[in-house]
Amino acid sequence: MATLGKSISFNSVVLGIFALITASLLAGTYLGTKDRIADAKREVAKRALLEIIPLEQHSNDLLMDTLPVPANFLHTLGLDDEGGDINIAREGDEPIAVIVPAVAPDGYNGDIQLIVGINIDGTLAGVRTISHHETPGLGDKIDLKKSDWILGFNGKSLTNPPPSQWKVKKDKGDFDQFTGATITPRAVVKQVYKTLKYYNEDQERLLKAARKKPAVTHQTSEEANNG
Amino acid sequence: MASTSSREVAHNGLWKNNPALVQLLGLCPLLAVTGSVVNALGLGLATMLVLAGSNTVVSMIRNHVSEAVKIPAFVMIIATFTTCTELLMQAFTYELYTILGIFIPLIVTNCMILGRAEAFACKNPVAISLFDGLMMGGGFGLVLLSIGAIREILGSGTLFADMHLLFGPIAENWTLHLFGEGYGFLIAVLPPGAFLVAGADLDSPARAAPR
């Protein structure tokens, strides 16, 4: 018995040392790559923002011109306590559209991060998926790289189609689902609808706040960076 | 076993005992991500990196870990290398990482890697184990690459499309359009195409050998 006990404790020590070494290796790689990964993600988000509202349609610096999401709406948008920023697109000083971050919590494989571009008249300027973990080949068609399904939201609004039709076709709604994947598009459609509803409720306050805030142009944000 | 020559190791990994064609290991990623050359190359390189790293470390510790705990120790090593590779790919080739998605973390479950640790690295010195990892990983990568190339040519009529995801802006113009714009043969890029092309290639080393 003594030898068994000895071998158990010896092996545990060996494994423990292993766990320590591998964990510190991982920590090192994580710390070394963390900033670059954040940069890469920001770059993708930036490209997605400019896809929804291209450079020639706005005159401000869309990426830097932001207002925080009001705390009482975080839940509607599926965001956590860290909150999020709404990007504002302007022509001159006048806001023409907002881009709202939203998370569909009920994807087939967890959260689906979206950004939802809404023109100030309440129609959708465009929706993009920022990150998701849906099944490759089935649910990942919400990604513009895989399918242009998500472009189907362009021009839609709270009344077009009517609220009862804001569902996938399988639920007798207006939006296509994909073969073999209903849960994913259902989650996205539901969250886009909720985001439109948020805009409808918060529109007045949001636009007022946007008009009060001076427009961030490319020049001012450059100065800020240099300063 | 110590007498294993590097020539033999290379021949085994790349051809005679090719992990994908002969041992039939790692078929899930093989079928899933070979829709284009760039995807195949990305996953092939990642797998090779993990395999070479895990073989090296497993060989280094082979005399210090007892039989009873060697599998958990190997798994820890493999998981570490996979996660490091995943982080590095996120940092340097983020878009390719999002396309390959779940198949990068799933490298950890590729039986080929634990298989080589068990069958080769834990019985051989460091240098030859590293070489074995490179050759086995290379053999796997070459099969991925050839299936990726065949499916990309048949399916999209292009070769080397989107290579900038892996090599940066210099590769923007590497795309070869073989059959002109607008060509597409969907089944080759969809899963059935993967089965057809992979099936045609399977076991080719044995079939090519003289009987």
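Q: In this predicted model, over how many bridges do E2(A) and E3(A) pair?
A: E2(A) and E3(A) form a hairpin, with two residues between them. One bridge in this pairing links A:Arg90 to its partner A:Pro95 in E3(A). The two strands run in the antiparallel sense, and the number of bridges is five.

Q: Which residue in the turn between E2(A) and E3(A) has a positive phi?
A: The turn of this hairpin holds two residues between the strands. A phi of about 70 degrees is found there, and the residue that has it is A:Gly92.

Q: In E4(A), what is the bridge partner of A:Pro101?
A: Strand E3 (residues 94–107) and strand E4 (residues 110–119) of chain A pair in the antiparallel sense over nine bridges. A hairpin through two residues joins E3(A) to E4(A). A:Ala104 has its bridge partner at A:Ile112 in E4(A). For A:Pro101, the partner in E4(A) is A:Ile115.

Q: Which strands stand at the edges of the sheet in chain A, and why is one side of each left without a neighbour?
A: The sheet is open and antiparallel, with five strands in the order E1-E2-E3-E4-E5. A strand at the edge has a single partner strand, so one side of it is left without a neighbour in the sheet. The strands in that position are E1 (66–68) and E5 (124–131).

Q: What is the average twist from one strand to the next in this sheet?
A: The five strands are paired in the antiparallel sense. From one strand to the next, the twist averages 25 degrees.

Q: Which helix of chain A packs on the sheet?
A: The helix touches E1, strand E2 (85–91), E3, E4 and E5 of chain A. Its direction makes about 145 degrees with that of E3(A). E3(A) is mostly covered, with ten of its 14 residues buried. The helix that packs on the sheet is H2 (residues 183–212).

Q: How many residues of domain 2 of chain A are in contact with domain 1 of chain A?
A: The domain assignment gives domain 1 (1–52) and domain 2 (58–219). Their centres, taken over C-alpha atoms, are separated by 33 Å. On the side of domain 1 that touches domain 2, six residues are nonpolar, none polar and two charged. Domain 1 contributes eight residues to the contact, and the number from domain 2 is ten.

Q: How many residues does chain B give to the contact with chain A?
A: The side of chain A that touches chain B has eleven nonpolar, five polar and two charged residues. The contact takes 18 residues from chain A, and from chain B it takes 21.

Q: Is B:Thr34 buried or exposed?
A: B:Thr34 is placed in the loop between helix H2 (27–32) and helix H3 (37–60) of chain B. Its C-alpha atom is separated by 4.3 Å from that of B:Gly148, 114 residues apart along the chain. A residue counts as buried if 20 or more other C-beta atoms lie within 10 Å of its own. B:Thr34 has 27 within that distance, so B:Thr34 is buried.

Q: At roughly what angle do the axes of H3(B) and H4(B) cross?
A: H3(B) passes H4(B) in a right-handed crossing. The contact includes B:Ala46 and B:Leu49 of H3(B), and B:Phe74 and B:Ile77 of H4(B). By class, this contact has ten nonpolar, four polar and no charged residues. The axes come within 9 Å, and the angle is roughly 145 degrees.

How values were computed
Residues numbered from 1 in each chain as written. Chains lettered and ligands numbered in written order. Predicted model: local features only at pLDDT ≥ 70, side-chain atom pairs only at ≥ 80, totals over all residues. Domains from an automatic or database assignment. Contact = placed C-beta atoms within 7 Å. Nonpolar A, V, L, I, M, F, W, Y, C, P; charged D, E, K, R; others polar. Helix = DSSP H or I, 4+ residues; strand = E, 2+ residues; numbered from the N terminus. Buried ≥ 20, exposed ≤ 12 C-beta atoms within 10 Å, placed from the backbone. Axes fitted to C-alpha atoms, helices over the stretch in contact; angles between N-to-C directions. Left-handed = near helix turned anticlockwise from the far one by under 90°. Pairing = 2+ DSSP bridges.
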